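Open the structure in a viewer and keep the sequence panel beside it. The stops below say what to select and what is found there.

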Amino acid sequence: MLVRSELISLAFFLALGAALGCDKTPPPEGTAGTASTQAALAPVSDGPIRVSGSSALQPLVNAAKEKFEAQNKGASVEVSAGGSKKGLVDVASGAVQIGDSDIFAAPDQKNLVDHKVAVVGFAAMANKGPYNAKITSLGMDQIAKIFTGDIKNWKDVGGGSQPIVVINRAPASGTRTVFGNVVLGGDKFVESQTEDNSGALVAKLKQTQGAISYLALSFKDDDLLTLSIKIGPDTMDPTAETITQGKYPVWSYEHMYTKGEATGGAKRFLDFVLSPDFQTTTLPSVKGFIPITAMKVQRDKD
């Protein structure tokens, strides 16, 4: 038979067990806790969003970065160029979360997911001088022959006597791929000096007499001669109107690729870039870029 002291002890331990079983207090900081507790305690930021690739697309990505960081406290987007093909390699290897490209991913890059964010046109642009002051447009065949090296002097296209200095983009450039495919029918450029970055190329064109190259319209500069294209009896200026209607042929989609479906910070950034507000308000204000929704024509290859 239990004595009074034993009954008191038994009641105490039973009450203690019941209290512990019903305790919903979170575990102290530093303990493992449950999976749901760990998720709740996870930091909001998952590190910087790293983006690399196309220098043609860089002005738009920089505009998105500025607004995204302003609206998302603690967010950080790191943007670097290097060319479309570098962007594709970087995102495929996991070096960055987003790879910017003027061109479609190669067929063997099946693990990359395409996010088309804009359209941009490209044009031949040249150093301005008295030798080309009267030239505003050239035929597609004339432009092609300049970049294959068959035409070597501005006098051969209606200008004054001045040797033409071709400056090509580097082989990793999406601009080179797009311009070459549309204008030359492939990478048939004459051997010449090259420039990796669009911004640096603009500066080099301004400094080099007789020079010509090709750039995205996001880098169009009033101090350079931007050539329109003669197509049959018509002259097509590189404008948003002629590009959206398919009349000016040298354009491409601007792609932001992810390795698999976008997640985390990369997904939030891409959702921001593709949001109606950014696409209809910010994008049209960034020089040279056109919303995809404005296009009357489509393309499924470069």
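**Stop 1: a strand and its partners**

Select A126 and then L225, its bridge partner in strand β10. The model is predicted: local features need pLDDT of at least 70, side-chain atom pairs count only at pLDDT 80 or more, and totals for chains, interfaces and linings use all residues. Residues are numbered from 1 along each chain as its sequence is written, and side-chain values use heavy atoms, with hydrogens and water left out.

Now select residues 224-226, which form β10; this strand and β5 run antiparallel and are joined by 3 bridges. Strands here are DSSP runs of E with at least two residues, helices are runs of H or I with at least four residues, and both are numbered from the N terminus. Two strands count as paired if DSSP finds at least two bridges between them.

Buried means under 20% relative accessible area, exposed means over 50%, and partly exposed lies in between (1.4 Å probe, protein chains only).

Which other strands pair with β5?

- Residues 211-216 are strand β9, antiparallel to β5 over 5 bridges; here A123 stands opposite L215.
- Residues 251-259 are strand β13, also antiparallel to β5 over 5 bridges; V119 has Y253 as its bridge partner.
- Residues 289-290 are strand β14, antiparallel to β5 over 2 bridges; V120 stands opposite F289.

**Stop 2: S252**

Stay in strand β13 and pick S252. Is this residue buried or exposed? S252 has 3% relative accessibility and so counts as buried. Its side chain makes a polar contact with the side chain of E254 at 3.3 Å. A polar contact is a pair of N or O atoms within 3.5 Å; within protein, one must be able to donate a hydrogen and the other to accept it, and residues adjacent in sequence count only if both atoms are side-chain atoms. Beyond its neighbours within four places in sequence, S252 is in contact (heavy atoms within 4.5 Å) with residues including A118, V119, V120 and F122.

**Stop 3: the largest nonpolar core**

Select I146, F147, F179, I212, M256 and F269, which touch the most other members of the 78-residue largest nonpolar core. The largest share of this core, 9 residues, comes from β5. A nonpolar core is a set of buried Ala, Val, Leu, Ile, Met, Phe, Trp, Tyr and Cys residues joined through side-chain atoms within 4.5 Å. Centre on F147: leaving out residues up to four places away in sequence, the residues that F147 touches include A124, V166, F179 and I212.

**Stop 4: salt bridges**

The structure holds 8 salt bridges, each a side-chain nitrogen of Lys or Arg within 4 Å of a carboxyl oxygen of Asp or Glu.

Select D90 and K86, whose closest N and O atoms are 2.7 Å apart. They sit 4 residues apart in helix α4 (residues 84-93), and so are separated by about one helical turn. D90 is buried at 13% relative accessible area, while K86 is partly exposed at 36%.

Finish at K206 and D221, a salt bridge with its closest N and O atoms 2.9 Å apart. This pair links distant parts of the chain: K206 lies in helix α7 (residues 198-207) and D221 in the loop between β9 and β10, 15 residues apart.
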